[in-house]
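I opened my notebook to look up a few side chains and their partners. Here are my entries, in the order I made them.

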Amino acid sequence: MAKRIGKIAFFGLCGILLLAQLVPYGRNHTNPTPTGEPAWDSPRTRELAVRACFDCHSDQTVWPWYTTVAPGSWLIQRDVDEGRRKLNFTNWQGQKQESREAAEQVQKGEMPLRYYLPLHPSANLSTSERNELIAGLQKTFGSGRGR
């Protein structure tokens, strides 16, 4: 009896996952044409930002195969849409509060998102790289709230 319930649960879950693939959300993998970037303080700051931030905070997102598989694709699409809306390094509109808080987010360990790092090892910066990025973001955008 338990074996039968297990099989039903397994096939039910498989069916739900297959049906989830029919939901169109999570597959808008467009990269609009970049319109401009901030005046980076150095090429190194830009290099570190590309590695750790650009997948969600630019119009140069890399879309690996797993970004098309629901329900993970839903989370990824939401993160990219929200990231671009809050701070987009390649559609630069000038100084924003979010850009001034970028270094603070990295320093607190809030960015990049923890669940992003296992599938993107290049974004997993060493302590010295992290400190370089924080200093570079502060030089590029300023730091703190209300400045």
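**Entry 1: an aromatic pair**

Is W65 buried or exposed? I looked it up and W65 counts as exposed, at 67% relative accessibility. A reminder to myself before going further: this is a predicted model. I then turned to Y66, which is buried, with a relative accessible area of 17%. I found seven aromatic pairs in the structure, and W65 with Y66 is one of the pairs, in an edge-to-face arrangement. The ring centres are 5.7 Å apart and the planes stand at 85°. The edge-to-face label follows because an angle over 60 degrees between the planes counts that way.

**Entry 2: a pair across the chain**

Next I looked at W92 and F141, whose ring centres are 5.3 Å apart. Their planes are at 35°, so I wrote this pair down as tilted. W92 sits in the loop between α3 and α4, while F141 belongs to helix α6 (residues 127–141). The two are 49 residues apart, and the pair links distant parts of the chain. I checked burial as well: W92 and F141 are both buried. Which aromatic cluster holds them? I listed W40, F54, F89, W92 and F141 as one cluster.

**Entry 3: the cysteines**

How many disulfides does the structure hold? I counted zero. I wanted to know why, so I looked up C53 and C56. The closest cysteine sulfur to that of C53 is in C56, at 9.3 Å, too far for a bond. For reference, the two sulfurs would have to lie within 2.5 Å to count as a disulfide. I noted the burial of each: C53 is buried at 12% relative accessibility, and C56 is buried too, at 17%.

**Entry 4: around D79**

D79 is found in helix α3, which covers residues 72–86. Its relative accessible area is 12%, so I marked D79 as buried.

**Entry 5: salt bridges**

I stayed with helix α3 for the next one. E82 and K86 both lie in this helix, four residues apart, about one turn of the helix. Their side chains meet in a salt bridge, with 3.3 Å from N to O. E82 is partly exposed at 32% relative accessibility, and K86 is partly exposed at 40%.

R84 forms a salt bridge with D59, and the closest N and O atoms are 3.6 Å apart. This pair links distant parts of the chain: R84 is in helix α3 and D59 in the loop between α2 and α3, 25 residues apart. Are these two buried or exposed? I found R84 buried, and D59 as well.

R46 and E37 gave me another salt bridge, with the closest N and O atoms 2.8 Å apart. R46 counts as partly exposed at 29% relative accessibility, and E37 is partly exposed with a relative accessible area of 29%.

**Entry 6: the tally**

How many salt bridges does the structure hold? I have nine in my notes. I also wrote down a network of salt bridges that links R44, E47, R51, E129 and E132.

How values were computed:
Residues are numbered from 1 along each chain as its sequence is written. This is a predicted model: local features need pLDDT of at least 70, side-chain atom pairs count only at pLDDT 80 or more; totals for chains, interfaces and linings use all residues. Side-chain values use heavy atoms; hydrogens and water are left out. Buried means under 20% relative accessible area, exposed over 50%, partly exposed in between (1.4 Å probe, protein chains only). Rings of Phe, Tyr and Trp (its six-membered ring) pair if their centres lie within 6.5 Å; planes under 30 degrees apart count as stacked, over 60 as edge-to-face and the rest as tilted. A salt bridge is a side-chain nitrogen of Lys or Arg within 4 Å of a carboxyl oxygen of Asp or Glu.
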